[in-house]
Amino acid sequence: MSKGKILVVDDEIYIVHILDFSLGMEGYEVVTALDGEQALEKVKTEKPDLIVLDIMMPKLDGYEVCKSIKSSAATQHIPVILLSAKGRNVDQKLGFDVGADDYITKPFSPRKLVERINQLLGQTVTERPTRSA
Amino acid sequence: MIPPVDLIWALAAAVLLLVEQVRHRRSLRHELKSLRTSYDAAIHRNDELTQASDKMGDLYRYQLLTSRKRAARIKKVLEIATSINSNLSLDKVLHEIVHAVSDAAGFRIVLLRVLNDASGEFEARAFAGLNRDAIRKLEQTRIPRSEFESWLKEEFRVSRSYFISHERKFWGEADDEGYTPELGARQEGEWHQEDVLFVPLYTKDGAVIGYLSVDDPVDRRLPSRETVETLEILATHAVVAIQNASLYERLNQSMVQLQEATDRAEELNDLKSSFVSTVSHELRTPLTAIRAYVEALLENVGSTNVDMQRQFLAVIDEQSLKLRRLIDSVLELSQLESGRFRMSREPFSVTALIEEVVVLLRPMSDAKKIAVQVESTAAEIVVEADRGLLKRVFYNLGSNAIKFTHEGGTVTFRTTTEGRVVRVQVEDTGIGIAKEELERIFDKFYQIDSSLSREYPGVGLGLTVSKSIVEWHGGEILAESDTDIGSRFTVLLPVTAGDASVITHATWSPSRSVSDHLTRLTVEMIAEVMNARTASLMLVDEERSELYIRAARGLREEVVCGTRIKIGDSIAGWVAKHGQPLLVTNIEEDPRFGRPNGHQYETKSLLSVPVKIDGRVVGVININNKISCTPFTEDDRALLSSLSDRVAQAWRRVSDHERSSDRTEETAKALAAIIENARRSRLKLNSGSMAGRAVSLGRKLGLAEEDVEVLAYVASVHDVGMGQIDHSVLHEPGRLDEEAWAEVALHPLRSAEIVKPIEFQELVTEIILAHHERMDGRGYPRGLKGEQIPIGARIISVLDAYESMTIGRPYRHAMTHADALQELRQCKGTQFDPKVVEAFAQLFESQENTKLVRAGEVA
């Protein structure tokens, strides 16, 4: 039984893989996209419960994608977590301005990302042995 | 496991970059602060002056009430006063003042001289009522301070001015030019033409900064006290104007400097911060992957899924390698850019190096089934360079080419030589680069469309590093491309350090108005025309009484930037001090300058000539290393002196009209045409000696040394106009048809037109125009006859004919020396001047035979 469907968007294939792995372990169903255009496609076809979105991507960047999701009545309820190496305050502000629900800077901890996702989706945190890296 | 060393490296590099950034900002802030202080001080000074000027205005208003006649004059003065404050160009203001003096005080002739602090002489700056010749003469005569002071005798003083009446016989004796003034009797109360009235321009502190001198009063009367006082009021205004203007000039200058510094600071700051943010972003990407996978591994440490663990470790391994490569590139780039880089040059074979690189690239090319071809014009092409660095360059270019080429495509390395330059081209049949991208590909971290970066991974620093390396060698890297057809990268490398292109050294100097571009062309032109591998252009730094190198070809950058020679010291210093050329045949044996030969000089002979503008030495041109490896001769000296005169002329023209980019462009065009002409004529076998022959022939015919120098120059440039003629016309076999002939017949006109911007002697143009005229009047373009043709042109005509006969033209085979001489003799009287042909025959009868044998051996 899936806890929900999550769309992971990043042009770095390794990041997509590791999120797929971590979220899969947590019991989520994961769909992926490698650029902004693909992401918008998948939002329509897959109707995810939450989106993890990278900012610096070819074709359409994360801000654009987020803006487009948040401006459409059909999709604006979907929580978006921006994930980016851009760590300055202005970048974060810009992220919230386009309607993002959270902003996490790279490098990030997959564990913490999972926790944020659980919170946003109103899930309780699954007890797992953790080891701090 | 993570190699922790890599992580530490990454963080250390990031911290280093940030520290450097902070330090840089701090020093910029300091620079800006000090500039701002001087700017404020200048503003303050100006306010003070404006106040002083206002007070003076009050005084005039008071005086205005005193007399009607005066009122009219003072009104004019006030008008001028306003214009002084609103008008910031000193020359314009002084012009208005002298005209006001003329109008208000009633003198037809007015002269204003201003003291030049640097020379201690009074220079004529503004005139009224004088014709152009008189003005020019006055401009040329400068009055030394001591002479001026000798006029300030108490007995001449009226108010604060000086009136020297002709009875005082101040000019009693004949002056230097033998002019004895006419001292007739004076009519009662009338002005005499030898009277002198001048008003010193005193500053508030009593210092003299110039003077007004007036003559030819409208009323022909001796000046009244009132007139003198009016003059003095106007003089005060001239003082304010001069001080105001120089203040404004300084203010403007510091504002420009401030603006430039701010721009530069901002630009640097932008560059640095964009670099820092890009680097940190690029560092974060692999770091993010590493951290995420490490965490996932740690959390699943008990898992039995060995495949998953192995897969994760592979990602960590790969990403840490990527991080390490990135850090290496960044560090390398910062070393290259900061100049803290050590390069070791050694001779090696480029062709062998490329073979080596191709082997290294094989795994990549094989994987994509790409054929890598190697072409070269010679089995072995040797350069003196840093082998390791160049290997990186070729590897970078090669791997890029493979990366961006589809499976089954071709990558070609092509090596050719071109004079002292080696050209390596890396060509592919890949996806190509769009035009608008081409300009940016050498930028840091730039990858054509970042979506490609997944398909074509790389850190995006390869081309930037390659460019730095090539430029460090004094070379150049160029990119050409067509989308979907392929790309071609061309590396141009000088064979040795000495063959590097012209390096300019920018420093503050009065001659900064001559642009870098023009300076570079000047040096290039000298090197090409003189057939010298090394040429340098030094300028005089008057403040420090030193010479420094403004630009050079064939010298290392350290030498160009670091050399300073005291005027009077060493060879260039001697030349600058004496204003004379200096020819040294063998530096080790020269009694005056004997010293061990510097390693940058392959030959022991050198030649230096002064560059003079208006009789003043402003620089020195030095040449070394004749391409033929023979010592320089008196012929070369004549030619170089002549070139130096043209350089001076070009500069004067450009700096006289500083803001005229047209003139700069014309001058640049002339220099470029001469460079091209020199290169073109070097392709011919025994040319280059034409200037030398012209010198010998001119001397034998008893021409003045000055004309011999002109002849040497004309021999080098008389055919520059040929460059504009369509090549196919010249290379058409068989005789020229009518149209082509008309084209060729125009070339003397074209040549004259091209060199005009740097010409100042009519004789040069005359000779160029007439060098295809014939004694019998059947030549072109004007059909001049016999003595109508300048002797210089008659000489060039013989030399030109001889050269074209012995070299051969597309429409005619080469002749032997004897046959050519025979031909010249047959045409004397009709085509050539008999006495020139005879002189030529006597001079070269024997010499030329041996020369031809040597040339034949070479061929």
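Two strands count as paired here if DSSP finds at least two bridges between them. The model described below is predicted.

**A five-stranded sheet in chain B**

By that criterion, chain B holds an open sheet of five strands with mixed pairing, in the order β9-β11-β12-β14-β13. Its edge strands are β9 and β13 of chain B, each of which pairs on one side only. Averaged over the sheet and ignoring direction, neighbouring strands are turned by 15° against each other.

Within the sheet, strands β11 and β12 of chain B run antiparallel and are joined by eight bridges. One facing pair is B:Glu418 and B:Val421, the latter in β12(B).

Two helices of chain B are placed against these strands. Helix α8 packs on the sheet and touches β9, β11 and β12 of chain B. The direction of α8 makes about 175° with that of β9(B). Helix α12 of chain B lies across β13 and β14 of chain B and runs at about 135° to β13(B).

| Element (chain B) | Residues |
|---|---|
| β9 | 371–376 |
| β11 | 410–418 |
| β12 | 421–428 |
| β13 | 476–482 |
| β14 | 486–494 |
| α8 | 350–367 |
| α12 | 462–472 |

**Contact between the chains**

How many residues does each chain bring to the contact? Chain A contributes 21 residues and chain B contributes 20 residues. On the chain B side, α6 (225–299) and α7 (306–338) each supply at least two residues. The largest share of that side, 14 residues, comes from α6(B). Sorted by class, the side of chain B that touches chain A has eight nonpolar, six polar and six charged residues.

**Nonpolar cores**

In soluble globular proteins, nonpolar side chains tend to be buried together. The largest nonpolar core in this model has 90 residues. Which of its residues touch the most other members? They are B:Ile526, B:Ala694, B:Ala712 and B:Val714. Helix α16 of chain B (residues 634–656) gives the most to this core, with nine residues. Domain 3 (506–673) and domain 4 (684–859) of chain B each provide at least three residues to this core.

The surroundings of B:Ala694 can be listed in detail. Leaving aside neighbours within four places in sequence, B:Ala694 is in contact with B:Leu711, B:Ala712, B:Ala715, B:Ile795, B:Ile796 and B:Leu799. Another core, of 47 residues, lies apart from the largest one. Its members include A:Val9 and A:Ile15 from chain A, and B:Ala296 and B:Phe312 from chain B.

Technical notes. Residues numbered from 1 in each chain as written. Chains lettered and ligands numbered in written order. Predicted model: local features only at pLDDT ≥ 70, side-chain atom pairs only at ≥ 80, totals over all residues. Helix = DSSP H or I, 4+ residues; strand = E, 2+ residues; numbered from the N terminus. Axes fitted to C-alpha atoms, helices over the stretch in contact; angles between N-to-C directions. Contact = placed C-beta atoms within 7 Å. Nonpolar A, V, L, I, M, F, W, Y, C, P; charged D, E, K, R; others polar. Core = buried A, V, L, I, M, F, W, Y, C linked by C-beta atoms within 7 Å. Buried ≥ 20, exposed ≤ 12 C-beta atoms within 10 Å, placed from the backbone. Domains from an automatic or database assignment.
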